[in-house]
Amino acid sequence: MTTLVRLAALADVPAAGGLRIDRDAAGTDDDIALLRDADGAVYALDDTCTHYPASLARGWVVEGHVECPLHGARFDLRTGQEVSGAAVAATRTHRVVVRDEVVYLVSEA
């Protein structure tokens, strides 16, 4: 069964930046980093960098990647794969949809 979990208003997710969503609100194992690229597309990754516990939502979104604000590890927004920096593992991605200017997490139960 597929359910939608409301995460945030689209306007609350900064362009080329991120917004942290608490794991309890999202119903996930980790907090969620809602990230928006320069084209306006929205992505969701686990918020904790795999190198060191830093918030990816506080990072920078550049050219399809988010860069961790602590040590510069970069992750692909679409796949979660680490692409450079100190991270040694990918981060988990989450499927989101935008409907009526609201971002929802797609939860498969």
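# A working chat on this model

Colleague: Is Thr91 buried or exposed?
Modeller: Thr91 is buried, at a relative accessible area of 7%. Buried means under 20% relative accessible area, exposed means over 50%, and partly exposed is in between, using a 1.4 Å probe and protein chains only.

Colleague: What kind of model is this?
Modeller: This is a predicted model, in which local features need pLDDT of at least 70 and side-chain atom pairs count only at pLDDT 80 or more, while totals for chains, interfaces and linings use all residues. Residues are numbered from 1 along each chain as its sequence is written, and side-chain values use heavy atoms, with hydrogens and water left out.

Colleague: Back to Thr91. Where is its place?
Modeller: Thr91 sits in the loop between strand E8 (82-84) and E9. Strands (E, at least two residues) and helices (H or I, at least four) are DSSP runs, numbered from the N terminus.

Colleague: And what is Thr91 in contact with?
Modeller: Beyond its neighbours within four places in sequence, Thr91 contacts Leu45, Asp46, Thr48, Thr50, Leu56, Phe75, Thr79 and Gly80. Contact here means heavy atoms within 4.5 Å.

Colleague: New topic. How many salt bridges are there?
Modeller: The count comes to five salt bridges. The rule asks for a side-chain nitrogen of Lys or Arg within 4 Å of a carboxyl oxygen of Asp or Glu. Side chains of opposite charge can pair when their charged atoms come close.

Colleague: Which residues are linked in a network of salt bridges?
Modeller: Arg20, Asp22, Arg23, Asp30 and Asp31 form that network. Within it, Asp22 pairs with Arg20, their closest N and O atoms being 3.5 Å apart. Asp31 pairs with Arg23, with 3.3 Å between the closest N and O atoms.

Colleague: Is Asp31 buried or exposed?
Modeller: Asp31 is buried, because its relative accessibility is 9%.

Colleague: Which residue meets Arg95 in a salt bridge?
Modeller: Glu108, with 3.6 Å from N to O. That pair links distant parts of the chain, 13 residues apart: Arg95 is in the loop between strand E9 (93-94) and strand E10 (96-99), and Glu108 is in strand E11 (residues 102-108). Arg95 counts as exposed because its relative accessible area is 53%. Glu108 is exposed too, at 55%.

Colleague: How do E10 and E11 run?
Modeller: E10 and E11 run antiparallel, joined by four bridges. Two strands pair if DSSP finds at least two bridges between them.

Colleague: What about Glu63, what is its phi?
Modeller: Phi of Glu63 is near 45°, again a positive value in a residue other than glycine. Glu63 is in the loop between strand E5 (60-62) and E6, and is exposed at 72% relative accessibility.

Colleague: Pockets next. How much space lies in the largest pocket?
Modeller: About 210 Å³. On a 1 Å grid over the protein atoms alone, points where a 1.4 Å probe fits but cannot get out form a cavity, whereas a pocket is an open set with protein on both sides within 12 Å along at least five of seven lines; lining residues have an atom within 4 Å of a point. Grid points are joined across faces, edges and corners, and the volume is the space filled by probe spheres set on the points.

Colleague: Which residues lie nearest its centre?
Modeller: Of the 13 lining residues, Arg92, His94, Leu105, Val106 and Ser107 lie nearest the centre of the largest pocket. E11 gives the most to the lining, with four residues. By class, the lining has four nonpolar, five polar and four charged residues. Ala, Val, Leu, Ile, Met, Phe, Trp, Tyr, Cys and Pro count as nonpolar, Asp, Glu, Lys and Arg as charged, and the others, Gly among them, as polar.

Colleague: Last one. Where is Leu4, and what is it in contact with?
Modeller: Leu4 lies in strand E1 (residues 2-9). Neighbours within four places aside, Leu4 contacts Val97, Arg99, Tyr104, Leu105 and Val106. Leu4 is partly exposed, at 36%.
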